[in-house]
Amino acid sequence: MLSYSSSILIALAAVLVPCHALSKCPGISGLPGIPGRDGLKGLSDSLAAKRHNALANLKHRLFQLESVLALNGEIRKVGEKIFASNGKKADFASALQSCEEVGGTLAAPRNEEENKAIMDIVKQHNQYAYLGIRKGETSGQFKYINGMPLNYSNWHQHEPNSKGREKCVEMYTDGTWNDKKCNMYRLTICQL
Ligand code: MMA
Ligand code: CA
């Protein structure tokens with residue numbers, strides 16, 4: 001008959017196996033040798049339950065990482081969206097490319113809360129930023145990068161005013177928008 005303590009050890013080993021396979025991740029608590037939030041019940045877990053636990057641990061770790069970045073003012077989170085800047089000024093095409101290279105696109109506010117989050121970054125750097133909005137080739141209407149029509153706007157008074165010459169959009173430090181030529185150097189702010 002197994003002693004209580006050796007049962008515990010076997011249970012611990014069983015719970016920690018999938019974690020070692022994943023890359024030596026610690027338990028959810030972060031204490032060495034202490035398994036995650038589900039404790040010892042992992043002993044009898046099915047493969048599906050172990051996957052579920054691993055996913056919960058990953059989500060928790062991601063939440064912690066995003067929280068630290070937000071705490072340090074390196075990102076702004078609004079719902080499912082993350083806004084972040086590399087602090088660099090670039091023309092519209094280069095700024096868009098930088099965002100796409102990290103799996104995102106140029107920031108484009110869909111509502112007042114998102115507009116405010118982007119404005120915070122503009123203010124932080126004291127630099128106007130290009131938005132992920134441009135004039136459609138055929139319609140002449142401003143659209144998101146993906147071609148969808150705008151569902152929110154925050155134009156500065158008397159903007160857009162170019163009647164076609166300014167095909168990009170910049171955000172001023174007060175959060176309002178101005179249609180602007182695409183070859184200026186403006187702060188890059190991405191959404192992910
Ligand atoms: C600049 C340029 C325009 C903007 C006006 C506003 C003179 O042009 O930034 O896009 O509309 O200023 O006065
Ligand atoms: Ca303008």
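Of the 192 residues of the protein chain in this predicted model, 35% count as buried, where buried means under 20% relative accessible area, exposed over 50%, and partly exposed in between (1.4 Å probe, protein chains only). The chain exposes about 11,700 Å², of which carbon and sulfur atoms supply 57%; accessible areas come from the Shrake-Rupley method with a 1.4 Å probe, and for residues only the protein chains shown count as cover. Local features need pLDDT of at least 70 and side-chain atom pairs count only at pLDDT 80 or more, while totals for chains, interfaces and linings use all residues. Residues are numbered from 1 along each chain as its sequence is written, and side-chain values use heavy atoms, with hydrogens and water left out.

The secondary structure comes to 4 helices and 8 strands, taken as DSSP runs numbered from the N terminus (helices H or I, at least four residues; strands E, at least two). Along the sequence these elements follow the pattern α-α-β-β-α-β-α-β-β-β-β-β. Among contacts (heavy atoms within 4.5 Å) with a separation of 6 or more, 62% are made by residues 24 or more positions apart.

Helix H4 covers residues 112–125, and its end C-alpha atoms are 20 Å apart. At the start of H4, a side-chain oxygen of Asn111 reaches to within 3.1 Å of the backbone nitrogen of Glu113. The buried residues of H4 include Ala117, Ile118, Met119, Ile121 and Val122. Among the strands against which the buried residues of H4 pack are E2 (81–90), E4 (129–135) and E8 (186–191). Asn126 follows the helix and has a positive phi, near 50 degrees.

Glu159 counts as buried, at 17% relative accessibility, whereas Asn161 is partly exposed at 38%.

Ligand 1 is surrounded by residues including Glu159, Asn161, Glu166 and Lys180, each with a heavy atom within 4 Å of the ligand. A polar side-chain atom of Glu159 lies 2.5 Å from an oxygen atom of ligand 1. Taken alone, ligand 1 exposes 330 Å², and the protein buries 48% of that.

Definitions and conventions
Chains are lettered from A and ligands numbered from 1 in the order in which they are written. The expected span of a helix is 1.5 Å times one less than its number of residues. A polar contact is a pair of N or O atoms within 3.5 Å; within protein, one must be able to donate a hydrogen and the other to accept it, and residues adjacent in sequence count only if both atoms are side-chain atoms.
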